[in-house]
Amino acid sequence: MTASVAIQDLSISFGHGPDAVKVLPGVSFSVKPGECFGLVGESGSGKSTVLRCVSMLTDFWTGKVEIGGRNVRDVPLKDRCRLLQMVFQDPYGSLHPRQSVRTVLAEPLRIHGLDDREARMRRALTDVGLPVEFLDRFPHQLSGGQRQRVAIARALILEPAVLLLDEPTSALDVSVQAEILNLLARLREERGFTYIMVTHDLAVVDHMCDRFAVMLHGEITEILPREAIAGNGATHPYARQLIAASLEYEGQI
Amino acid sequence: MENPILEVKNLCIRYNGAPTDAVRDVSFTLGRERLGIVGESGSGKSTVGRALLRLLPSAQVTAEKLRFEDLDLLNLSEAQMLKVRGRRMSMILQDPKFSLNPIQRVGHQVAETLLRHFPVSKSDARVKTLEMLAAVKIRDPERVHDLYPHEISGGMGQRVMIAMMLLADPDLVIADEPTSALDVTVRLQVLNILDGLVRDRGIGLIMISHDLNLVRNFCDRVLIMYAGRVVETLNARDMDHAQHPYTRGLLAAQPRIGGSRAPLAVLDRRPEWKEEART
């Protein structure tokens, strides 16, 4: 299953009255079915807020978000969970310390009344490259990379079409990051997932994404194809600066 | 090496109650240079840094030699150590959010180094603190001096940490993942500031990081640690010619701008790396 994402004039403010802060003044972009779209920018630029709005974790925004042609506001909660899922940044924070992997994976199956639970859980773990015995482990018995795999398995178990990835590898070592990025790339190839991926690492964008948006103060300054990174093909001054800094950091200048 | 700042020979560290050593037989010397220590989490790199400052009360630290300038770090009393920490040897920690005191104004925390180690008046300490804040490129140091840590950004917080650690003009600075909590653009600014100060003052720097790009660009020499051991020592510019399969594996696992999109190489960890002799 695969779906497109279309975002139009997404706008949100936090706070009330004169203290209200406009975090996203009006974000628009669209992602094709099966595409991997990156969101980059400095911290506080609103990247993660976009994901939280699209997933309705934060729901007091205005504008329009369509997934597979359906307005995300009109999709009932249960259906929404089967349409999109999110993988969070820090697997140390996003897994409940007192719930076993089995509990984590069984809960969505129970809520959605799906049968064959055991087989589905086994399949989800196998998909993310973990042995099925891990079902009875607790988060403290897992390494950071294994935890992130469990978080990805949790996102996959309801077979969504769109995965929202919020810095899925920034808490991990480079060797473990490689494993997770390979896993995400393989899953996308096999299942045709649509990814929206927040990251601050342009090397990861270059490796994973087809296009990416550079955000600054809640606005998208520029949407660029992946090929624009290596030669710094950006036109907006901030996007140029960001790409130049990344190239310099990699020692490519 | 003539007049090394730090000499470490066969350093072993075992946490109390642990069945094996967290760090085994680590040896290196440090002159007025920038030394990087890289490795994955759990490889013992931060433990080495903490052991040098004797910040591991719950571990047994043994070594044939652990000499910092004229001091034998193994046999110093805690009272003597208090005169070394922050004054002659200091440590820049990873995340300013957790390492600055949330209920003290930034300026007071920075000035504490001076008031603690030097016979200076409060007003002199304030002047020096403002100078130092300016030296780490904080615009408007007067204003920042009176702010609380939650009122400043991450990049500014990290610069405050650097100011705090360099204020006493130490001979050795240990930077433990100084920029991994920062964005790429801010990261470069902070590193350039740190780099400039370290060069100007002739400070020895140990940069602990898991980021190969960082040590490649900001260090002279690099130690690569795996499972508590140093598996390879390299000049930073020779990183691409690394011999050890672990180092090569780490380099290959890193996605690069303009690289191919083939699946990234995944480390194939071999048990013999834990045992083999150091190079």
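## About the model

Residues are numbered from 1 along each chain as its sequence is written, and chains are lettered from A, with ligands numbered from 1, in the order in which they are written. Because the model is predicted, local features need pLDDT of at least 70 and side-chain atom pairs count only at pLDDT 80 or more, while totals for chains, interfaces and linings use all residues.

Helices (H or I, at least four residues) and strands (E, at least two) are DSSP runs, numbered from the N terminus.

## The sheet in chain A

Chain A has an open sheet of six strands in the order 6-7-8-3-9-10, with mixed pairing; strands pair if DSSP finds at least two bridges between them. Strand 6 (84-87) and strand 10 (219-225) of chain A are the edge strands, each with a single partner, so one side of each has no neighbour in the sheet. On average, neighbouring strands of this sheet are turned by 20 degrees against each other, direction ignored.

Within the sheet, strand 3 (residues 36-41) and strand 9 (residues 211-216) of chain A run parallel and are joined by five bridges. Phe37(A) has Arg211(A) in strand 9 of chain A as its bridge partner. Helix 6 (residues 144-156) of chain A packs on the sheet, where it touches strand 6 and strand 7 (162-166) of chain A. The direction of this helix makes about 170 degrees with that of strand 6 of chain A.

## Where the chains meet

Between the chains, 28 residues of chain A are in contact with 27 residues of chain B, contact meaning that C-beta atoms, placed from the backbone, lie within 7 Å. Helix 7 (174-191), helix 8 (202-208) and helix 9 (237-249) of chain A each give at least two residues to the side that touches chain B.

That side of chain A is made up of 13 nonpolar, nine polar and six charged residues. Here Ala, Val, Leu, Ile, Met, Phe, Trp, Tyr, Cys and Pro count as nonpolar, Asp, Glu, Lys and Arg as charged, and the others, Gly among them, as polar.

## Two helices of chain B

Helix 4 (residues 106-117) and helix 7 (residues 154-166) of chain B pack at about 25 degrees, with their axes 7 Å apart. Axes are lines fitted to C-alpha atoms, for helices over the stretch in contact, and angles run from 0 to 180 degrees between N-to-C directions. The two helices of chain B are therefore roughly parallel (angles under 35 degrees).

Val106(B), Gln109(B), Val110(B) and Thr113(B) in helix 4 meet Val160(B), Ala163(B) and Met164(B) in helix 7 of chain B. Five of these contact residues are nonpolar, two are polar and none is charged.

Strand 5 (residues 65-68) of chain B has Leu66(B) and Phe68(B) on a covered face, and Lys65(B) and Arg67(B) on an uncovered one. Strand 5 of chain B pairs with strand 1 (residues 6-15) of chain B in the antiparallel sense over four bridges, with Leu6(B) and Phe68(B) as bridge partners. Strand 5 and strand 6 (residues 71-72) of chain B pair in the antiparallel sense over two bridges. These two strands form a hairpin with two residues between them, and Glu69(B) in the turn has a positive phi of about 50 degrees.

Leu172(B) lies in strand 8 (residues 172-176) of chain B. Leu172(B) is buried, with 21 other C-beta atoms within 10 Å (the cut-off for buried is 20 or more). Residues touching Leu172(B) include Leu6(B) and Phe68(B).

Notes:
Angles under 35 degrees count as roughly parallel, over 145 as roughly antiparallel, 65 to 115 as roughly perpendicular and the rest as oblique. Two residues are in contact if their C-beta atoms, placed from the backbone, lie within 7 Å. A residue is buried if 20 or more other C-beta atoms lie within 10 Å of its own, exposed if 12 or fewer, and partly exposed in between; C-beta atoms are placed from the backbone. Lists of a residue's contacts leave out its neighbours within four places in sequence.
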